[in-house]
Amino acid sequence: MPLVATAEIVGPAVRGGLGAGAFNVIQIEHAQAIVAGAEAAGAPVILQISENAVRYHGALAAIGRATVEVARAARVPVAVHLDHATEPGLVREALGLGFGSVMFDASARDYDGNVAATAAVAADCHAAGVWVEAELGEVGGKDGVHAPGARTDPAEATAYVAATGVDALAVAVGTSHAMVVKEAVVDLELVAALRAAVPVPLVLHGSSGVPEADLTRAVAAGLTKVNIATHLNVAYTRAIRDHLADHPEVVDPRRYVAAARDAVAREVTRLLTLVRAVPR
């Protein structure tokens, strides 16, 4: 199954009223686990590399190329996406590596600055045939950028999409990044209002903090692309801790990292089944 454009995953999900699972890659084992989980679910999946992960690796090229190759070898449709990029240069590098989409995050700027920067990036990406996600409103949990409690206004969102030409919109509806407990309260009425007003697919960031029944309700209310990162990191880390506690003699990282990879794959299978369970 070849690497696909993100639009080839999100578009059918919108038409079918389903969620499209998007999971963050930190190490190559994450990419392998996410693809294995998607193959077990028989579902398409989006692999995401964030600007924070790029900083961790020191550059995009190595982890980006590795993730693209994992996607190309998959038996289900897989897209590769750049997440929360704030620099146009990083966006251009992702395009050169074969990424199928980018999320350009200018939400730290004022509205006019956000529109101008995002419109410029969207024009460049569209010229290369690449799908663009942007953010309006502030999703909690990003130090110095996002304000907990902020919400996306439907009328402003409609105007923003028209002004920037983006293909998808990340909206603030009550979630926060990096939550390790499932206590976020999604404003389902706002989701429905945004879905009715905004002509492009809606994206939920901070999905790890959403109770799973509410995650299904959020998809049913109108969210399509569902981003999950922290939840997988919790599963990954727990599996390593458990393996080392049970096998204190182990020094070969392949053994405990393999346990973590398997744990993430199981969670991806379960979560993909969850977000694709209830057509709108």
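Trainee: Which helix is A159 found in?
Mentor: A159 is in helix α7, residues 154-164. Helices here are DSSP runs of H or I with at least four residues, strands are E runs of at least two, and both are numbered from the N terminus. This is a predicted model in which local features need pLDDT of at least 70, side-chain atom pairs count only at pLDDT 80 or more, and totals for chains, interfaces and linings use all residues. Residues are numbered from 1 along each chain as its sequence is written, and side-chain values use heavy atoms, with hydrogens and water left out.

Trainee: Switching topic. Where does UniProt place the "active site"?
Mentor: The UniProt record, an unreviewed entry, puts that feature at D83. Such annotations may be inferred rather than shown by experiment. D83 lies in strand β3, residues 78-85, and is buried, with a relative accessible area of 4%.

Trainee: What does D83 touch?
Mentor: Leaving out residues up to four places away in sequence, D83 touches N24, Q48, I49, S50, E51, M103, H205 and N227. Contact means heavy atoms within 4.5 Å.

Trainee: Now helices. At what angle do α2 and α11 cross?
Mentor: Roughly 40°, with the axes of α2 (residues 28-41) and α11 (residues 253-275) coming within 7 Å. Axes are lines fitted to C-alpha atoms over the stretch in contact, and angles run from 0 to 180 degrees between N-to-C directions. That makes α2 oblique to α11. Angles under 35 degrees count as roughly parallel, over 145 as roughly antiparallel, 65 to 115 as roughly perpendicular, and the rest as oblique.

Trainee: Which residues of α2 and α11 make the contact?
Mentor: Among them are A33, A36 and A40 of α2, and V264, V268 and L272 of α11.

Trainee: How do α2 and α4 pack?
Mentor: Helix α4 covers residues 61-72, and its axis is 9 Å from that of α2, at an angle of about 20°. The two are therefore roughly parallel. I28, A31, Q32 and V35 of α2 meet I63, A66, T67 and V70 of α4.

Trainee: How many helices and strands are in the chain?
Mentor: There are 11 helices and eight strands. Of the 280 residues, 52% are buried.

Notes: Buried means under 20% relative accessible area, exposed over 50%, partly exposed in between (1.4 Å probe, protein chains only).
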